[in-house]
Amino acid sequence: MSTADASASFLTQEAYDRLKAELDHLSGEGRTEIADKIEEARQEGDLKENGGYHAAKEEQGKMEARIRQLEELLRNAVVGHSVSTEGTVSPGMVITVEMFGDKEKFLLGSREIAGDSALDVYSEKSPLGAAINGAKVGDSVSYEAPNGKTIDVKVLEATAYTG
């Protein structure tokens with residue numbers, strides 16, 4: 001796997017468009033709005049004891065961090081449909097597995113793909129995600145959990161996420 005592949009995240013076109021719109025808003029009118037809040041608070045007087053000013057500056061810092069996060073995510077995004085066929089695990093698919101005798105269903109990929117979905121999301125770079133990525137329905141794999149235990153997983157279903 002190349003370095004570009006290692007930092008790439010799979011996004012559906014819908015997720016990419018939603019995140020791009022958020023980035024455009026934050027880096028455009030979002031910055032203007034926070035600058036106006038800071039200026040209004042600055043005019044209230046002594047900055048050392050000005051709660052509104054400090055809150056606006058903190059909000060600005062969080063917004064700038066989100067802008068950087070979105071820029072990085074979108075710059076490295078692989079947009080489109082899952083490259084894999086139904087039945088083979090790949091990012092952007094809804095996976096059903098059996099672990100510890102229970103069934104678990106989740107989206108493999110970025111939380112940003114899921115949007116407001118109630119699905120749990122596992123990164124393809126997580127121990128579980130890396131273990132099942134590329135597996136086919138019916139395959140059994142195992143991976144080492146962060147606590148050092150080996151966990152056995154059977155892939156029961158892999159379908160494209162339609163969000």
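The legends below walk through several close-up views of this predicted model.

**Before you start: how to read the views.** Residues are numbered from 1 along each chain as its sequence is written, and side-chain values use heavy atoms, with hydrogens and water left out. As this is a predicted model, local features need pLDDT of at least 70 and side-chain atom pairs count only at pLDDT 80 or more, while totals for chains, interfaces and linings use all residues.

**View 1. The whole chain, element by element.** Five helices and seven strands make up the secondary structure; helices (H or I, at least four residues) and strands (E, at least two) are DSSP runs, numbered from the N terminus. Carbon and sulfur atoms hold 49% of the accessible surface, which comes to about 9800 Å² by the Shrake-Rupley method with a 1.4 Å probe.

**View 2. Helices α2 and α3 side by side.** Here α2 (residues 13–42) meets α3 (residues 51–75), with axes that come within 9 Å and cross at roughly 160 degrees. The two helices are therefore roughly antiparallel, the label for angles over 145 degrees. Each axis is a line fitted to C-alpha atoms over the stretch in contact, and angles run from 0 to 180 degrees between N-to-C directions. The crossing of α2 past α3 is left-handed, in that the near helix is turned anticlockwise from the far one by less than a right angle.

View 3. Strands β3 (residues 93–99) and β4 (residues 102–108) run antiparallel and are joined by seven bridges; strands pair if DSSP finds at least two bridges between them. Look for M99, whose bridge partner in β4 is D102. Two residues lie between the strands of this hairpin, and F100 in the turn has a positive phi of about 55 degrees. β4 also pairs with β5 (residues 120–122), in the parallel sense and over three bridges. In that pairing, F106 stands opposite D120 of β5.

**View 4. F10 in strand β1.** F10 sits in β1, which spans residues 9–11. Its relative accessibility is 10%, so F10 counts as buried. Although F10 and V78 are 68 residues apart along the chain, their C-alpha atoms are separated by 4.7 Å.

Key. Parallel < 35°, antiparallel > 145°, perpendicular 65-115°, else oblique. Buried < 20%, exposed > 50% of the residue type's maximum accessible area, 1.4 Å probe, protein only.
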